[in-house]
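Work through the exercises below with the model at hand. Try each task before reading its solution.

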Amino acid sequence: MKILFIADVVGVPGRRAVEERLPSLRDELAAHLVVVNGENIADGVGITPKLADRLLAAGADAITLGNHVWRRGEISPYLKESDRIVRPANLSARAPGRGLTVVDARDGTKVAVINLLGSLFIGPPVSPFEVAEELVEEARRTTPVVLVDFHGEATSEKVAMARLLDGRVTAVIGTHTHVQTNDARVQPGGTAAITDAGMTGPHDSVIGVVADLAIRSMRTGMPVRFETASGDVRIEGVLVECGADGRATSCEAVRVPVP
Ligand SMILES: [Fe+2]
């Protein structure tokens with residue numbers, strides 16, 4: 001079976017790209033399941049119930065999140081109720097939502113989806129390395145097809161997590177930096193990995209933000225109101241193929257311009 005992962009969808013341009021292009025892309029790539037990282041869809045930070053519903057309506061089977069999960073408070077009840085959206089598992093146990101869910105692919109395969117947050121520059125309450133293995137064991141009691149979205153800044157953490165889980169999950173897909181890395185691979189144990197799947201949104205920008213505004217903020221050290229850019233919109237992500245045993249057989253970066 002094939003799983004299409006769509007990297008961090010940024011703002012209106014990213015959401016439009018998904019709504020306009022995902023249905024045909026899903027067919028072209030013959031994907032049985034689509035997972036979308038939606039943590040930047042609300043003007044670049046956070047997600048609302050309405051926007052989550054739009055992603056699901058556009059063909060996402062599951063939504064993953066990241067460090068901006070709480071930016072829009074109205075998502076909290078949605079996280080409690082919906083089994084199609086996961087927030088990072090290594091947040092406070094008292095926070096709403098789940099870090100692991102299981103969804104059905106089009107061919108009937110059950111796919112577990114896990115979301116974890118990296119430590120560097122993000123500082124989650126719990127290290128991802130404290131919870132990953134137990135969470136994977138829990139997922140594998142239901143299905144051998146397990147996808148991990150590891151949302152983090154550091155290449156080292158993301159490579160280490162991919163190695164730690166090699167042979168135990170189908171894929172460890174890095175997100176958060178918005179820059180697609182050139183290391184899509186299947187590791188020796190059968191786990192697909194990419195350090196960062198990239199960004200679905202405007203690439204004529206500084207990771208999605210109007211370049212002049214991001215540069216002004218960095219040059220002056222003063223607060224600047226960021227706006228989502230608009231040019232050079234692409235869908236980026238990764239396509240993973242695996243067998244019924246959950247072992248990945250291929251892992252390819254996806255980069256599709258959306259004019
Ligand atoms: Fe992020």
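The exercises cover a metal site and a sheet.

This is a predicted model, in which local features need pLDDT of at least 70 and side-chain atom pairs count only at pLDDT 80 or more, while totals for chains, interfaces and linings use all residues. Residues are numbered from 1 along each chain as its sequence is written, and side-chain values use heavy atoms, with hydrogens and water left out.

**Exercise 1.** Find the protein donors of the iron ion and classify their arrangement.

Solution. Step one: look for donors, meaning N, O and S atoms within 2.8 Å of the metal (3.2 Å for Na, K and Ca); water is not among the atoms, so sites may look incomplete. E39 (OE), N67 (OD1), H151 (NE2) and H176 (ND1) qualify, at 2.0 to 2.2 Å from the iron ion.

Step two: check the angles. The four donor atoms subtend 86 to 171 degrees, which makes the arrangement irregular.

Step three: read the spacing in sequence, E-x27-N-x83-H-x24-H. E39 sits in the loop between β2 (33-37) and α2 (49-57) and H151 in strand β6 (residues 146-151), so the pair ties together parts 112 residues apart in sequence. Helices (H or I, at least four residues) and strands (E, at least two) are DSSP runs, numbered from the N terminus.

**Exercise 2.** Give the strand order of the open sheet and name its edge strands.

Solution. Strands pair if DSSP finds at least two bridges between them. The six strands run β4-β5-β6-β7-β9-β8, with mixed pairing. β4 (100-104) and β8 (185-186) are the edges, each pairing on one side only.

Definitions and conventions:
Tetrahedral: all angles 85-135°; square planar, octahedral: opposite > 155°, others 65-115°.
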